[in-house]
Amino acid sequence: MAATDAVTEIHAGSISDFDVATCRLVSAGGREIGIRTRDGEFFAYENVCLHQGGPVCEGVTVGRVEEIVGPGGESVEQRFSEESINLVCPWHGFEYDLRTGALVTDPTRRLRRYEVVVRDSEVYVRV
């Protein structure tokens, strides 16, 4: 690895500082990175929506809407998924898969993701 490719770890807090409703922000190299947790996993993305640059990581997380189809192919109901969770940009409602950063309407487009490391109950983001 070249000297310019060195990885830096930014301390984001203790595990106990995180909950599913909260985004923690850290700054690194002029970038703002948002860290969220869900089901014991941590996810870190650059806090920039692909649509118009809004603070995407500061949005809410919601279950993806699932349609329940009856035996005749008719729509029976809609519900929020417990497993597929989306991060919703607070500016215009663009939704991203929390686990992958993929834009729901075009999965080929993704938020810039960062690796999260947990060590001794402390959370770090690698940049």
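**Rings, charges and strands**

Modeller: The charged end of Arg24 sits over the ring of Phe18, 5.5 Å from its centre; a charge sits over a ring if NZ of Lys or CZ of Arg is within 6 Å of the ring centre and within 35 degrees of the ring normal. In a second case, the charged end of Arg119 sits over the ring of Tyr124, with 4.6 Å to the ring centre. Please keep in mind that this is a predicted model, in which local features need pLDDT of at least 70 and side-chain atom pairs count only at pLDDT 80 or more, while totals for chains, interfaces and linings use all residues. Residues are numbered from 1 along each chain as its sequence is written, and side-chain values use heavy atoms, with hydrogens and water left out.

Colleague: How many aromatic pairs are there by the ring rule?

Modeller: A pair of aromatic rings is described by the distance of the centres and the angle of the planes. Rings of Phe, Tyr and Trp (its six-membered ring) pair if their centres lie within 6.5 Å, and planes under 30 degrees apart count as stacked, over 60 as edge-to-face and the rest as tilted. The count comes to 1 aromatic pair: the centres of Phe18 and Phe42 are 5.1 Å apart and their planes stand at 85°, so this pair is edge-to-face. Phe18 lies in the loop between strand 1 and strand 2 and Phe42 in strand 4, 24 residues apart, so that distant parts of the chain are linked.

Colleague: Is Phe18 buried or exposed?

Modeller: Buried means under 20% relative accessible area, exposed over 50%, and partly exposed in between (1.4 Å probe, protein chains only). Phe18 is buried because its relative accessibility is 9%, and Phe42, at 15%, is buried as well.

Colleague: What is the strand order of the open sheet?

Modeller: Strands of a sheet pair through backbone hydrogen bonds, either parallel or antiparallel. Strands are DSSP runs (E, at least two residues), numbered from the N terminus, and two of them pair if DSSP finds at least two bridges between them. Here the open sheet of 6 strands has the order 1-11-10-4-3-2, with antiparallel pairing. Strand 1 (9–14) and strand 2 (24–28) each have a single partner strand, so one side of each is left without a neighbour in the sheet.

Note on methods
Helix = DSSP H or I, 4+ residues; strand = E, 2+ residues; numbered from the N terminus.
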